[in-house]
Amino acid sequence: MRSALAEARAAMESGDVPVGAVVLGPDGHVIATGRNERELTGDPTAHAEVIALRAAAERLRSWRLTGCTLVVTLEPCTMCAGAAVLARVDRIVYGAVDLKAGAVGSLWDVVRDRRLNHRPEVIAEILAEECGALLTEFFGRRRVR
Ligand SMILES: [Zn+2]
């Protein structure tokens with residue numbers, strides 16, 4: 001989660017909402033990183049999780065990320081929760097809860113929907129305060145401007 005937080009901080013350099021993600025391989029080492037790049041790239045799908053999952057798949061030369069863990073500073077949205085299911089990650093670890101758009105337990109629970117054939121384990125609210133503070137700080141600063 002510390003590496004994901006570093007990614008989140010780096011996202012702010014391009015004026016992007018500070019959300020960072022990493023993918024851990026089956027051995028627990030970081031194999032890919034991603035940060036929110038929506039403003040930087042003008043891509044509506046450039047969320048930290050999608051970027052990290054794509055990089056991990058490229059690294060492993062497989063779309064199947066079985067045994068991997070997606071770590072992200074903010075509860076994934078519907079798109080990213082869906083991407084994590086499609087990538088077959090074993091585990092999703094997230095920091096701050098997203099009551100407005102979270103799809104891993106808050107507003108929806110896409111990853112534990114029994115109708116899906118793959119359901120990753122979820123570990124919520126790891127370093128939640130630190131992850132959330134970064135977002136509060138970012139939006140607070142924007143309001144002042
Ligand atoms: Zn997302």
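**Before you start**

The model is predicted: local features require pLDDT of at least 70, side-chain atom pairs count only at pLDDT 80 or more, and totals for chains, interfaces and linings use all residues. Numbering starts from 1 along each chain as its sequence is written.

**Whole chain**

Show the cartoon. The protein has five helices and five strands. Helices (H or I, at least four residues) and strands (E, at least two) are DSSP runs, numbered from the N terminus. Along the sequence the pattern reads α-β-β-α-α-β-α-β-β-α. The radius of gyration is 14 Å, close to the 15 Å that the globule rule gives for 145 residues, so the protein is as compact as a globular protein of that length. That radius is taken over C-alpha atoms, and the globule rule is 2.2 Å times the number of residues to the power 0.38. The C-alpha trace spans about 45 × 30 × 25 Å along its principal axes.

Of the 145 residues, 41% count as buried. Buried requires 20 or more other C-beta atoms within 10 Å of a residue's own; exposed means 12 or fewer, and partly exposed lies in between, with C-beta atoms placed from the backbone. Among contacts with a separation of 6 or more, 55% join residues 24 or more positions apart. A contact needs C-beta atoms, placed from the backbone, within 7 Å.

Five of them form an open sheet in the order 2-1-3-4-5, with mixed pairing. Strand 2 (30–35) and strand 5 (121–123) stand at the edges, each with a single partner strand, so one side of each lacks a neighbour in the sheet. From one strand to the next the twist averages 15°. Pairing here requires at least two bridges found by DSSP between two strands.

Zoom in on strand 1 (residues 20–24) and strand 2. They pair in the antiparallel sense over five bridges. Ala 21 stands opposite Gly 34, and Val 22 stands opposite Thr 33. The hairpin has five residues between these strands, and Gly 28 takes a positive phi near 90° there.

Helix 1 lies across strand 1, strand 2 and strand 3 (69–74), and runs at about 145° to strand 1. Axes are lines fitted to C-alpha atoms, for helices over the stretch in contact, and angles run from 0 to 180 degrees between N-to-C directions.

**The core**

Select Val 23, Ala 52, Leu 53, Leu 70, Val 71, Val 72 and Ala 84. Of the 40 residues in the largest nonpolar core, these touch the most other members. Such a core is a set of buried Ala, Val, Leu, Ile, Met, Phe, Trp, Tyr and Cys residues joined through C-beta atoms within 7 Å. Helix 3 gives the most to this core, with six residues.

Centre on Leu 70. Beyond its neighbours within four places in sequence, Leu 70 is in contact with Ala 21, Val 23, Glu 49, Ala 52, Leu 53, Ala 84, Val 89 and Ile 92.

**The annotated site**

Go to Glu 49, in helix 3 (residues 48–60). An unreviewed UniProt entry annotates Glu 49 as "active site". UniProt positions follow the numbering used here, feature names are shortened, and annotations may be inferred rather than shown by experiment. Glu 49 counts as buried because it has 30 C-beta neighbours inside 10 Å. Leaving out residues up to four places away in sequence, Glu 49 touches Ala 21, Gly 34, Leu 70, Val 72, Pro 76, Cys 80, Ala 83 and Ala 84.

**Two loop residues**

Select Arg 88, in the loop between helix 4 (78–86) and strand 4 (91–96). Its phi is near 60°, a positive value in a residue other than glycine. Arg 88 has 16 C-beta neighbours inside 10 Å, so it counts as partly exposed.

Finish at Leu 127, in the loop between strand 5 and helix 5 (128–144). Phi of Leu 127 is near 50°, a positive value in a non-glycine residue. With 17 C-beta neighbours inside 10 Å, Leu 127 counts as partly exposed.

Note on methods
Contact = placed C-beta atoms within 7 Å.
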